[in-house]
Amino acid sequence: MDTQTTYRIGTGAGFSSDRLEPALDLLRHGRLDAIVFECVGERTLAFGHRDRRANPEMGYNPLLERRMRAVLPLARAAGTRIVTNMGVANPRAAARRTVEIAAELGLNGLKVAAVTGDEVSHLIGPGTHLLEPDCPLSETGREMLAANAYLGIDAILPAIEAGADVIITGRVADPSLFLAPLAHHFSWDLDDWSILGAGTAVGHLMECGAQITGGYFADPGHKEVPNLAYVGFPLAEVGADGSAVITKLESSGGLVSQRTVKEQLLYEVHDPGAYLTPDVTADFSRVGLADDGQDRVRVGHADGAVRPDQLKVTIAFDGGLLAEAEVSYAGPGAAERARVAGDIVAERMNNLHQSNGPVRIDLIGVNALHSSAVDYPAMAQDVRLRCAMRASSQTEAETLLWEVEALLCCGPAAGGGYRGHVTPSVMTYSALVDRADVRPELEIFTA
Amino acid sequence: MSQRVPLRQIAHARSGDKGNRSNLAIFAYEPEHYEILRQQITAERLKDTFGGVLRGPVKRYELPSLHGLNFVMDQALEGGVNESLNLDGHGKSWSAMVLALEVDLNFSE
C-alpha cells in the first residue's frame, strides 16, 4: 500500500467506559492521521440525559476529563485529529470543558468543535410512531426526556473543513465518526454510494475498538488470544478506494485475524446486504478478507446504495427507579432455598406492600442470564438470589431492598451477603424523522 | 453413523443488540463445516430451543463467502438494554449459549 495515499486511523475507545492506555499507545506509536473515541450507545445516551437533567453542565461522557488530559498533548505532538461522540447529551459543555483542559495544559490555539443538532425533541409528539413497540408515543404513558437523531458525516465535515483539532459530537452514527475524516482526506463524493459503503465498512469494523483485536473473543481451549491483559486497539490503513488493512501495534497484546474481523463485521448488523446509516445503505454481503502478514487482515469489496431518506431517532423516557437487591445461599439445597426466598419477596411486595411492578427473580449461578430461555437442573451449591423491579417511587424501591435484606432473619436458612442499590433509570424507544427536518450545527471553541 | 458434537467444536459466534432485537452471527472455523451449519442451525431450530425468550420472528441470512450465518431475532431481549430487568440486557451471552447446541458431523441431506 502506498504510504502517501494511505490514511491511518485508529480507535481510542470502542464504548463509553473503554480503557485508555491502548489509545495512548496508538497516539505515541501509531503515526495516526486521526483517532476516534466512540463512546455512545443506547444505554449511555440514556445515562447522559439522566446526568444532564441533574446538572445542566453535565451529560457528556464521565471519562472525558481523564481522557482529554492524557490524550490532548499526545495528539497535538503527533498531529492527530480527534473525533469523538463523548459529547453524548451535551456536546457544547463537553467542548467548553475540553478547551479549559487544553488551556491548563498550555495547548494554546487548540480548536475544539461542538457538533449539535441531533437533539430533535421538537420533531417528536404524542402521535409520533415508535418502531418498537410499534405504537404511537402517547401509548407509552411515559414522560419524554429527550430525542436524538443519528447524524451522519454531513454534520462532521464542516468541522473538519474549519480545521478543528478536536471534534466533539452527540448522537452520530458510529461509522460516520470514521467515515468523515476518510471522506474529507480522499475527497470522496457524498453521493458515491459504493465508496461510502466501503468506508462505512471500515468504520463499522473499527467502532468497537478491541472487539476486532482480540477483545470479546477469547474462549480458552477454542479461541486463544495472546497477552489479552495488554490488548491493543485497532489501526486501519485505508486506501483511496476504501479498502483497508486492519492491524494493531506490534508491541500490543491481542490479535487481528480473519476470525476476529468476521465476528466484528456482523456485530449488531441485521441484513448484511443493507446496513443503514445516515450516509449510505452499506452492503457487507460480499466483503472479502485476506491475510496480509502477522496481525494484518485486508478488507475489500464492501459496497453501498443510496442513503435512507429518514434518520433514526432514539427517544428517551423517564423509566422510574431500578431497584436491585441480592443475597446468597450455599451448600446442598442452595437453589431451592434461593427460589423460596425469591417467592417470599415477590409475595410480600405484591400482596403486603401493594406494589404494582412485577418483581424479577433470578438465581445467579443457576440460570440468571436467560432464565426464560433455558431451564437447567438446579445442581449449583453457590447461588445468589437477585430481585429486581422498576419502581415508581423511592419508597417502593427502598421497600424492595428492605424485604430482600429482611430475608436474613425472615427467610429460608443460611442466607448471607446482602447488597442492594437503587438507580434512576431512563428507557429508550426508536422512531424515524425526515432528514430534511434535521439541521446539524457547529460551534468552534479555541483554547 | 452419526457423530454428534457441540457446535462450539466447529464454530465461533458473536451476538449484538439494537433495541429489543438481537443478532447472532455464527461462523464455521473450517470452510467444509459451513454446510453443516447451514443445514442444521436453522431459524426454526433456534426458535424451538429458546422459544421462551425469543418472542418474535427469527430470520436467517447466509454469508457463504465468510462461512457464516447471521440470525436476527425480534423481541428477543425482554425489552432491550434500557428496559429489561435481565442482568444481561444486551444479550451478550447469547453467542456462548448457542454454542451448546449439538450438530451431527456426518449428517447431510
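**Figure 1. B:His67 in the loop between strands E4 and E5 of chain B**. In this predicted model, B:His67 lies in the loop that joins strand E4 (58–63) to strand E5 (68–73) of chain B; helices (H or I, at least four residues) and strands (E, at least two) are DSSP runs numbered from the N terminus. The phi angle of B:His67 is near 55°, a positive value in a residue other than glycine. Most residues other than glycine have a negative phi. B:His67 counts as buried because 22 C-beta neighbours lie inside 10 Å. A residue is termed buried if 20 or more other C-beta atoms lie within 10 Å of its own, exposed if 12 or fewer do, and partly exposed in between, with C-beta atoms placed from the backbone.

**Figure 2. B:Gln75 in the loop between E5 and helix H3 of chain B**. B:Gln75 is placed in the loop between E5 and helix H3 (94–98). Phi of B:Gln75 is near 50°, again a positive value in a residue other than glycine. B:Gln75 is classed as partly exposed because 18 other C-beta atoms are found within 10 Å.

**Figure 3. B:Ser15 in strand E2 of chain B**. Strand E2 (residues 11–18) contains B:Ser15, which is buried, with 26 other C-beta atoms within 10 Å. Leaving aside neighbours within four places in sequence, B:Ser15 is in contact (C-beta atoms, placed from the backbone, within 7 Å) with B:Ser22, B:Asn23, B:Leu24, B:Gly91, B:Lys92, B:Trp94 and B:Ser95. B:Gly91 is 76 residues from B:Ser15 in sequence, yet their C-alpha atoms are 7.1 Å apart in space.

Figure 4. Of the contacts in chain B between residues at least 6 apart in sequence, 62% join residues at least 24 apart.

**Notes.** Residues are numbered from 1 along each chain as its sequence is written, while chains are lettered from A and ligands numbered from 1 in the order in which they are written. In this predicted model, local features need pLDDT of at least 70 and side-chain atom pairs count only at pLDDT 80 or more, whereas totals for chains, interfaces and linings use all residues.

Key. Two residues are in contact if their C-beta atoms, placed from the backbone, lie within 7 Å.
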